[in-house]
Amino acid sequence: MFAAGLLLFGAFSLALGRPTIHDEFRVHDRRTDVPNGFKYVANADPNAMLDLRIALVQSNPVGLETALYDVSTPGSKSYRKYLTKSQVDALVAPKIASVQAVKTWLSKNNVTAETLSSSGDWLAIRVPVSKANALLNTQFNEYTHEQTNLTALRTMSYSVPASVKGHLDFIYPVTSFVVPRATPAEMRVLRGRAKKSSGRVKGKGSRTTAVAAKPSTKSRVVVSTKDASTSSPSSTTRPTSSVSSDTAVASSALSLSSSLRSSLTTASSSAATASVSSVTVTTSSAASSASVAASSPASSSSSASSSSSSTSAISTSAVSSSAASSSTVRSSTTTRASTPPPIQTTTPDDSCKTKITPECIQAIYNVPSTPASSGQSNLFVASFAGESADPADLQKFLTQFRPDVSDSTDSVQDLFGVQSIDGGTNNLVSATTEATLDIQYTVGIATNVNTTFVTVGSENSDGIAGFLDIINTLIAQDDVPLVMTTSFGFNEKDIPLGLANNLCNAYAQLGARGTTILFGSGDGGVSGIQNTECTDFVPTFPSTCPFVTSVGGTKSFGPEVAAGFSSGGFSNVFARPSYQDAAVTAYLGGLGDMNKGLFNATGRAFPDIAAQAQSFQIVRAGQTVSVSGTSAASPTVASLIALLNDAIFKNGGQPLGFLNPFLYQSGAGALNDITSGSNPGCGTEGFPAAEGWDPITGLGTPDFVKLLNLVK
């Protein structure tokens, strides 16, 4: 009797969703098999709720790409004459007929859609599985990822009425199976006594920004005498989650773009050196907690960690001179007090070959230590998967490695802002390694640049949806970031084609408005975002998007060498953009038949640029640790670009925006070419570094002074 009732209910639902005889269902997307690692469990509970996102066909994506290149290519009459929000929205807004067709279809099925994006190209619906089955002429099922035992509700194919074909681009995450990826972080800990931090932090008010359908809160973190444990980070009220197991898949789907190989050095109170005890701290990208497993003691000892070099970078008069401010409207910033530059030299200390500090970056790349002073430059750090940065750690980091900054005021005010999306929070008592690295090497290098930590929570259907939410939130703002760095990514093969294209176009929207978008290329060499078993080479996303700047990794100096973990290669989705044709063709000509058949030689090549990525010294939980990965390289480059923007603003210019056309056309001469190293993976030696562009370090590493001479 109960089973019969369910059958009758299912028949009624299908009848409700079925189109008329003149509006038949047409298959819109289909998978041939369940992806490796996932296992079918059963038909989904018909009462389970699904949050689905509907992407409408954008009106003029070709026009958007043309506009992006017009404002980003030196020599163009529109170079750095960025589009307004309304101009960009007009290029991507769906046609009225498309909106009407899709909403009419939904209305006939008693489904109400919510508009998610400022241009109207994204809609959201919340329906039970039974309704979704009828609406899309499909059967949603429950699938478990065997390695993590996390569950997702998906289907192998879905259909839409003929009346919406050509209007509806895709529906997400209906057929999307993102492989959950929990990335461990290993730390070698030297037992010792850590100094007490001289300050604690609390939130200093908050303001709410109304953005499309997603609430966003932004607060300014300051130092006070109140203990951090009593502070409450700003947050938004969370709506009810659709399927908790699906959200769990979301939380672990992201992969940190860093190996986070870590070693801690602190001083013993009774000796100049202390014995090393090695432990492995395993952190999941799905949570901020960590489990510690002891391993065998290390055979060597290490002296206490300190600022290993008194050297710093060259400063240029162009950076410190005052000039007329830009007429571009940007969000207001709070400028920290300027301080006299420290003693300067052009030669990095030898210790920088084994430990990277802000002073090492300043010396290797000729980055100024003088504070930004235009009041217009800004830098955004995107973070996911529960990552948090403690300002108390940042204060101690600055005291240890940038005393010229930490001593500039009695209390370090406005260290960084916090913007919340999808319920993201910055947990001041559970700081994580990735966020700590990103914040310390943006605030610690881009001196006095207004820095915002954007934390994306788990209130979305999976991790990729978080990427959608952050980009749509920023696009909807009147004032967009000038520079944004992200140390998270995916293997390109895990991203549905429609979503990859849509996200890439979203990055183009920000670029057309003047934003520089940077992504760490990944840490698996040619095997992807992390080192995994493979046969064919695995490109990473979003690094393969032609409208972002991908950052690879190097190590040492005099000369710099490619870091073996630096991901790089060629896209299987995006064609090679014309701006890199000459550079990539030259590399392929020298490569010959090496690795032939393992990669798509006609695809978008990455990375574009590189920077130091090994043995970065950070302060986490009051202790100094060493971390490595391209997630160290991306914030480093972002900081340098933010300082270039500051100098440009003071000369009355406009920000750099999308970098790649400039880099490939005229910027290579201002970069340090890396010609040694390779990025092994997939049972091969990977790609070799070479003169000019290569798929490990791109065009090379930046020289601030040379770049400034080109762009100011």
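Author: The answers below start with confidence in the model and then turn to particular residues.

Reader: What is the average pLDDT of the chain?

Author: This is a predicted model. Its chain averages a pLDDT of 78, and 71% of the residues score at least 70. Over residues 180-253, however, the pLDDT is below 50, although the model has 229 contacts there beyond near neighbours in sequence. The pLDDT also stays under 50 over residues 256-345, a stretch with 266 contacts beyond four places in sequence.

Reader: How should I read coordinates where pLDDT is low?

Author: Where pLDDT is low, the predicted coordinates should not be read in detail.

Reader: Understood. How many helices and strands are in the chain?

Author: The chain has 17 helices and 33 strands. Of its 712 residues, 60% are buried. Among contacts between residues at least 6 apart in sequence, 83% join residues at least 24 apart.

Reader: Let us look at a helix pair. At what angle do H2 and H3 pack?

Author: Helix H2 (residues 61-72) and helix H3 (residues 85-92) pack at about 145°, and their axes are 7 Å apart. H2 contributes Pro61, Gly63, Leu64 and Ala67 to the contact, while H3 contributes Val88, Leu91 and Val92. Six of these residues are nonpolar, one is polar and none is charged.

Reader: Changing topic, how many salt bridges are there?

Author: The count comes to eight salt bridges. One of them joins the side chains of Lys650 and Asp646, with 3.6 Å from N to O. Both residues lie in helix H15 (residues 630-650), four residues apart, about one turn of the helix. Lys650 and Asp646 are both buried.

Reader: And Arg604, what does it pair with?

Author: Arg604 forms a salt bridge with Asp608, and their closest N and O atoms are 2.7 Å apart. Arg604 and Asp608 are both buried.

Reader: What about Lys493 and Asp494: is each of them buried or exposed?

Author: Lys493 is exposed, because its relative accessible area is 60%. Asp494 is buried, because its relative accessible area is 8%. Their side chains meet in a salt bridge at 3.6 Å, N to O.

Reader: Now to the loops. Where is Thr155 found?

Author: Thr155 is found in the loop between strand E7 (150-154) and strand E8 (157-161). At 2% relative accessibility, Thr155 counts as buried.

Reader: What does its side chain reach?

Author: The side chain of Thr155 reaches the backbone oxygen of Gln139 at 3.1 Å. Leaving aside neighbours within four places in sequence, the contacts of Thr155 include Phe140, Tyr143, Val174 and Phe177.

Reader: Which peptide bonds are cis?

Author: The bond from Tyr172 to Pro173 is cis, with omega near 5°. Pro173 lies in the loop between strand E9 (168-172) and strand E10 (187-190). The bond from Gly558 to Pro559 is also cis, with omega near 5°. Pro559 lies in the loop between strand E25 (549-555) and strand E26 (561-562).

Reader: One last topic: what is the phi of Asn149, and of Ala385?

Author: Asn149 has a positive phi of about 60° although it is not a glycine. Asn149 sits in the loop between strand E6 (141-145) and E7, and at 59% relative accessibility Asn149 counts as exposed. Ala385, likewise not a glycine, has a positive phi of about 60°. Ala385 is in the loop between strand E18 (378-383) and helix H9 (391-401), and at 11% relative accessibility Ala385 counts as buried.

Methods
Residues numbered from 1 in each chain as written. Predicted model: local features only at pLDDT ≥ 70, side-chain atom pairs only at ≥ 80, totals over all residues. Heavy atoms only, no water. pLDDT = per-residue confidence, 0-100. Contact = heavy atoms within 4.5 Å. Salt bridge = Lys/Arg side-chain N within 4 Å of Asp/Glu carboxyl O. Buried < 20%, exposed > 50% of the residue type's maximum accessible area, 1.4 Å probe, protein only. Helix = DSSP H or I, 4+ residues; strand = E, 2+ residues; numbered from the N terminus. Polar contact = N/O pair within 3.5 Å; in protein donor to acceptor, adjacent residues only side chain to side chain. Axes fitted to C-alpha atoms, helices over the stretch in contact; angles between N-to-C directions. Nonpolar A, V, L, I, M, F, W, Y, C, P; charged D, E, K, R; others polar.
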